[in-house]
Amino acid sequence: MLSVHLICVGKLKEKFYKDACAEYVKRLSSYCKLTLAEIPEVKLPKEPTLGEVVQALAKEGEAIRAKIPPSSRVAALCVEGRMRSSEEVAQMFPALGHSPDKHMVFVIGGSYGLHPSIKAEANLQLSMSPMTFPHHLARVMLLEQIYRAFKINEGSSYHK
């Protein structure tokens, strides 16, 4: 069974986000071994300096790196990434079965994004939209797209 990892900066607090994520985690259990890791977001002052933000992102980056299993294909979610259709995301999963990578890892940063080194080390940079979304909502959206990818690959009517 394919191993999919979500590494997310920040903890879900709102019940509606938790419920939505739990629903997709349940649905995905038939398709993959899903691991979800939450990295604590570094606390910053209300108006941090650029240096403070960079330092916080570096610390979060170290924690993210520690959670990435060996032999992984890593997708960093970031605004500068390439937008992909649901069908293109679906193509990522069967291709993984024919590669030396054993894990598909998606990384979602916190409110200040991801450290540049995490983006640079990723196999691909993925953007959901040029619009800005709360990173907790991005987690729900990503889980739904991963579920949709598996449904596309099985030929289900879920994806219309």
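Let's start with helix α2, residues 50–67: its 18 residues reach 26 Å from the first C-alpha to the last, close to the 26 Å expected at 1.5 Å a residue. That expected span is 1.5 Å times one less than the number of residues. Helices here are DSSP runs of H or I with at least four residues, strands are runs of E with at least two, and both are numbered from the N terminus.

A word on where this comes from: it is a predicted model, where local features need pLDDT of at least 70 and side-chain atom pairs count only at pLDDT 80 or more, while totals for chains, interfaces and linings use all residues. Residues are numbered from 1 along each chain as its sequence is written, and side-chain values use heavy atoms, with hydrogens and water left out.

Back to α2. Which of its residues are buried? They are Val-53, Ala-56, Leu-57, Glu-60, Gly-61 and Ile-64. Seen down the axis of α2, these buried residues fall within an arc of 145°, so they line one face of the helix. The arc is taken from the directions that run from the helix axis to the C-beta atoms. On the other side, Gln-55, Lys-59, Glu-62 and Ala-66 are exposed. By buried I mean under 20% relative accessible area, by exposed over 50%, and partly exposed is in between, with a 1.4 Å probe and protein chains only. The buried residues of α2 pack against β1, β2, β4 and α4, where contact means heavy atoms within 4.5 Å.

Let's follow α4, residues 116–121, because Glu-121 is found there. The side chains of Glu-121 and Arg-65 are joined by a polar contact of 2.9 Å. A polar contact is a pair of N or O atoms within 3.5 Å; within protein, one must be able to donate a hydrogen and the other to accept it, and residues adjacent in sequence count only if both atoms are side-chain atoms.

What is the order of its strands? It is an open sheet of 5 strands, β2-β1-β4-β3-β5, with parallel pairing. The edge strands, β2 and β5, each pair on one side only. The twist averages 30° from one strand to the next. Two strands pair if DSSP finds at least two bridges between them. Strand β3, residues 72–83, has 6 bridges to β4, residues 103–108, and 5 to β5, residues 124–127. Along β4, Arg-73 stands opposite Met-104 and Val-74 opposite Val-105, while Met-83 stands opposite Ser-127 in β5.

Now α1, residues 15–28. Its 14 residues should span 20 Å, and the end C-alpha atoms are 20 Å apart, which agrees. Tyr-17, Cys-21, Tyr-24 and Leu-28 are the buried ones. They fall within an arc of 65° seen down the axis, so they line one face of α1. The face turned away carries the exposed residues Lys-15, Phe-16 and Lys-26. The cover over the buried residues of α1 includes β2 and α5.

Last stop, α5, where His-135 is found. Is His-135 buried or exposed? His-135 is buried, with a relative accessible area of 17%. Leaving out residues up to four places away in sequence, His-135 touches Val-9, Glu-41, Ile-108, Gly-109, Gly-110 and Ser-111.

Notes. Axes are lines fitted to C-alpha atoms, for helices over the stretch in contact, and angles run from 0 to 180 degrees between N-to-C directions.
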